[in-house]
Amino acid sequence: MSLSPKKIGGRFTVVAKLVAKPGKEDEIAKCLNDVRLSAISDKEPQCYTYRVSQFERTFAIFEEYENTAALRHHMQQPDFQKWTKIMPDLIDGKAEVLCYKEHTSRL
């Protein structure tokens with residue numbers, strides 16, 4: 001586990017968790033869905049998974065990328081840029097973001 005994908009190299013998963021300010025859940029859900037639609041489209045061919053889950057005010061985002069260049073490309077997309085600008089007004093505290101190297105050996 002790492003706070004930065006640069007320390008991982010290769011394919012990795014991002015797990016992000018955030019808590020909505022009361023009453024902001026629907027706005028967050030819409031923004032994250034816009035980001036998700038971009039991530040799973042042909043605009044981002046090296047983003048393999050982008051899933052958003054919600055329980056009450058808590059959101060969990062699961063993202064899977066080929067490499068750090070793919071994540072940088074994701075972060076340059078207009079919907080992601082929009083999200084990062086309005087996110088501080090919508091969430092309580094800071095988002096928790098962790099990166100995990102993909103484990104490719106057989107268990």
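1. Start with one residue pair. Thr13 stands opposite Tyr100 in E4. Strand E1 (residues 12-20) runs antiparallel to E4, and eight bridges join the two. Two strands count as paired if DSSP finds at least two bridges between them.

2. A word on the basis. This is a predicted model, in which local features need pLDDT of at least 70, side-chain atom pairs count only at pLDDT 80 or more, and totals for chains, interfaces and linings use all residues. Residues are numbered from 1 along each chain as its sequence is written, and side-chain values use heavy atoms, with hydrogens and water left out.

3. The overall layout. The protein has three helices and four strands. Their order from the N terminus is β-α-β-β-α-α-β. Helices (H or I, at least four residues) and strands (E, at least two) are DSSP runs, numbered from the N terminus.

4. The sheet. Four strands form an open sheet in the order E2-E3-E1-E4, with antiparallel pairing. Strand E2 (47-55) and strand E4 (91-101) are the edges, each pairing on one side only. From one strand to the next, the twist averages 15 degrees.

5. Helices on the sheet. Helix H1 (residues 25-39) lies across E1, E2, strand E3 (58-65) and E4, at about 165 degrees to E2. Helix H3 (residues 78-90) lies across E1 and E4, at about 130 degrees to E4. Axes are lines fitted to C-alpha atoms, for helices over the stretch in contact; angles run from 0 to 180 degrees between N-to-C directions. Contact means heavy atoms within 4.5 Å.

6. Which residues of helix H2 (residues 68-75) are buried? They are Ala70, Leu71 and His74. These residues lie on the same side of H2 because they cover an arc of only 100 degrees around the axis. The arc is that of the directions from the helix axis to the C-beta atoms. An α-helix has 3.6 residues a turn, so residues three or four places apart point the same way. The cover over the buried residues of H2 includes E1, H1, E2, E3 and H3.

7. The start of H2. Asn67 caps the N-terminal end of this helix, with a side-chain oxygen 3.2 Å from the backbone nitrogen of Ala69.

8. Totals. Of the 107 residues, 32% count as buried. Buried means under 20% relative accessible area, exposed over 50%, and partly exposed in between (1.4 Å probe, protein chains only). Among contacts with a separation of 6 or more, 73% come from residues 24 or more positions apart.

How values were computed
Polar contact = N/O pair within 3.5 Å; in protein donor to acceptor, adjacent residues only side chain to side chain.
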